[in-house]
Amino acid sequence: MHGPLIATLESGGTKMVAALASGPDDILVRERIPTTAPKETISALVNFFTQASSQFGQPEALAIGTFGPADLNPDSPTYGHITTTPKPGWSHTNLLGPLQKALDVPAIFDTDVDAALFGEVTWGAAKGLKNAAYFTIGTGIGGAVMINGHLIHGAGHPEMGHMRLKRHAVDHFEGHCPFHKDCLEGLASGPAIQNRWQSPAEDLAPDHAAWNIQADYLAQACLNVLMIAPPQKIILGGGVMHQAHLFPLVRERLTDLLQDYLSYPELEDMDDFIVPPALGDNAGLLGCVALGQRLLRD
Ligand code: ADP
Ligand code: ZN
C-alpha cells in the first residue's frame, strides 16, 4: 500500500536529486541534475518535474530538502530561498517559488538533514522514535534534531555543523570553515580531514591517527546534542561515515565523555544509540516523501 505521490527534491551544493515517489518501494523516477547556475539548474528541475508528472502521474505535494542556510519560515517574504550560502551564485535564490509554481501543489521546504532524519524516523534506523538526531559528515557537516515528534526550527534552522568544540590535544590544524575556522565542520568535515592530512579521508588507513581525532570531535558533537535536546538515537551519515571503524571509536569516546552523568536506558547500549542511517542514499529522498505525505495529512 502506498501513500500519495510526492514530488521530491534533495537540493545539494553539487547535485540535485529530483524524484516522484510514494514510499520506500515505490520510487517511480529519479533524476540527478548537477547544481550549476541557479537559473539553469532550476529550469532543468522544472523540465524534469513537468515531464515526469505527465509520464508517471501528477504528484499531490512537493517536498524539498535543501542545503543551506535557507529560509524555512512560511511567514517570511523570502520563504523558500537559499540565503547566505558561500556557494557561488546561489545566495538569495528563490528555489521553492518556481518549482511550486510549475507543479501547482502544496509544498514543504526544509533542510536536507531534516529530511534525512524524517526519513529515518519514518522508515529507517530511528523508526517509531519521537526523539532523534542526525549528523551528516560529508563535504560539510549538517545536523537535525527531532524532539517529541517535531523537527526543531527556531528563528532559523539548527546549524549544528558550526558548533564550537574543545580541540583535541594533538590537533594543530587551524580549521577549514570559511566563517569560523575551527568549528565542528572546520575540524571534522571530509575537506577538513583532507587538508589536515594532505590526503582524502577515504585513503587514510583505519589505524591512522586521523580517526581518533575525528572520533573525539564527533563524540563531542553527540555529547552537546545529548545535553541540549536528548535524543533516543543519534544517526551519523555522510561520506566520511563510510569508514565503519569510526562507529566504535565514537561510541567509546562518547562513553568516556559522558562519565556516567546521564542514565537514560537508551545510553546503556551504545551500539544501538550511535548508528548509521538505515536508508543509506535514499534517506533524503524518502524523508521528502514522508514530509510531503505528512503535509497532506495535517
Ligand atoms: P556531499 O557532502 O558532497 O553530499 P558526501 O557525503 O559523499 O557528499 O561527502 C563527501 C566527502 O566525504 C568528501 O570530503 C570525501 O573525502 C568524504 N568521503 C567520501 N567517501 C568516503 C569514504 N569512503 N571514507 C572517508 N571519507 C569519504
Ligand atoms: Zn563554521
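Colleague: Where is the place of glutamine 259?

Modeller: In the loop between α7 (246–258) and α8 (270–273). Bear in mind that this is a predicted model.

Colleague: What is phi of glutamine 259 near?

Modeller: Start with the general idea. Most residues other than glycine have a negative phi, and most peptide bonds are trans. Now the case here. Phi of glutamine 259 is near 50°, a positive value in a residue other than glycine.

Colleague: Is glutamine 259 buried or exposed?

Modeller: Exposed, because its relative accessibility is 63% and the cut-off for exposed is over 50%.

Colleague: What about glutamine 198: which value is its phi near, and where is the residue found?

Modeller: Its phi is near 55°, again positive in a residue other than glycine. Glutamine 198 sits in the loop between α5 (190–197) and α6 (210–228). The residue is exposed, at 68% relative accessible area.

Colleague: And peptide bonds: what is the bond from glycine 68 to proline 69?

Modeller: That bond is cis, with omega near 0°. Proline 69 belongs to the loop between β4 and β5.

Colleague: Now the metal. Which residues are the protein donors of the zinc ion (ligand 2)?

Modeller: Read a metal site by its donor atoms, then by their angles. The donors are His162 (ND1), Cys177 (SG), His180 (ND1) and Cys183 (SG). They lie 2.1 to 2.4 Å from the zinc ion.

Colleague: What is the geometry of the site of the zinc ion?

Modeller: Tetrahedral, with angles of 102 to 124° among the four donor atoms. Four donors count as tetrahedral if all angles lie between 85 and 135 degrees.

Colleague: What spacing do the donors follow along the chain?

Modeller: H-x14-C-x2-H-x2-C. Histidine 162 and cysteine 177 both lie in the loop between β10 (150–151) and α4 (184–188), so the pair ties together parts that are 15 residues apart in sequence.

Colleague: How exposed are histidine 162 and cysteine 177?

Modeller: Histidine 162 is partly exposed, at 22% relative accessible area. Cysteine 177 is buried, at 5%.

Colleague: On to rings. How many aromatic pairs does the structure hold?

Modeller: Three. A pair of aromatic rings is described by the distance of the centres and the angle of the planes. One of the pairs is phenylalanine 48 with phenylalanine 49. Their centres are 5.3 Å apart, the planes make an angle of 65°, and the pair is edge-to-face.

Colleague: Are phenylalanine 48 and phenylalanine 49 buried or exposed?

Modeller: Buried. Phenylalanine 48 has a relative accessible area of 6%, and phenylalanine 49 has 1%.

Colleague: And what kind of pair do tyrosine 79 and phenylalanine 109 form?

Modeller: Their ring centres are 6.1 Å apart and their planes are at 85°, so this pair is edge-to-face. The pair links distant parts of the chain, 30 residues apart. Tyrosine 79 is in the loop between β4 (61–66) and β5 (81–82), while phenylalanine 109 is in strand β7 (residues 107–111). Phenylalanine 109 is buried, at 2% relative accessible area.

Colleague: Next, the other ligand. Which residues surround ligand 1?

Modeller: List the surrounding residues, then pick out the polar atoms. Those around ligand 1 include Thr14, Gly138, Thr139, Gly190, Pro191, Ala201 and Glu202. Gly238, Gly239, Val240, His242 and Gln243 also surround ligand 1.

Colleague: Which atoms of ligand 1 lie 2.6 Å from a side-chain atom of threonine 139 or glutamate 202?

Modeller: Oxygen atoms. A polar side-chain atom of threonine 139 lies 2.6 Å from an oxygen atom of ligand 1. For glutamate 202, an N or O atom in the side chain is 2.6 Å from an oxygen atom of the ligand. Glutamine 243 has a polar side-chain atom 2.7 Å from a nitrogen atom of ligand 1.

Colleague: How much of ligand 1 does the protein bury?

Modeller: Taken alone, ligand 1 exposes 560 Å², and the protein buries 67% of that.

Colleague: Last, helix α6. Is glutamine 220 buried or exposed?

Modeller: Glutamine 220 lies in helix α6 and is buried, at 11% relative accessible area. A polar atom of its side chain lies 2.7 Å from the backbone oxygen of lysine 166.

Colleague: And where is the place of alanine 210?

Modeller: Also in helix α6. Alanine 210 is buried, with 4% relative accessible area. From alanine 210 to aspartate 26, C-alpha to C-alpha, the distance is 40 Å, and the two are 184 residues apart in sequence.

How values were computed: Residues are numbered from 1 along each chain as its sequence is written. Chains are lettered from A and ligands numbered from 1 in the order in which they are written. This is a predicted model: local features need pLDDT of at least 70, side-chain atom pairs count only at pLDDT 80 or more; totals for chains, interfaces and linings use all residues. Side-chain values use heavy atoms; hydrogens and water are left out. Donors are N, O and S atoms within 2.8 Å of the metal (3.2 Å for Na, K and Ca); water is not among the atoms, so sites may look incomplete. Four donors count as tetrahedral if all angles lie between 85 and 135 degrees; four count as square planar and six as octahedral if opposite donors are over 155 degrees apart and all others between 65 and 115; anything else is irregular. Helices (H or I, at least four residues) and strands (E, at least two) are DSSP runs, numbered from the N terminus. Buried means under 20% relative accessible area, exposed over 50%, partly exposed in between (1.4 Å probe, protein chains only). Rings of Phe, Tyr and Trp (its six-membered ring) pair if their centres lie within 6.5 Å; planes under 30 degrees apart count as stacked, over 60 as edge-to-face and the rest as tilted. A residue is near a molecule or strand if one of its heavy atoms lies within 4 Å of it. A polar contact is a pair of N or O atoms within 3.5 Å; within protein, one must be able to donate a hydrogen and the other to accept it, and residues adjacent in sequence count only if both atoms are side-chain atoms. Accessible areas come from the Shrake-Rupley method with a 1.4 Å probe; for residues, only the protein chains shown count as cover.
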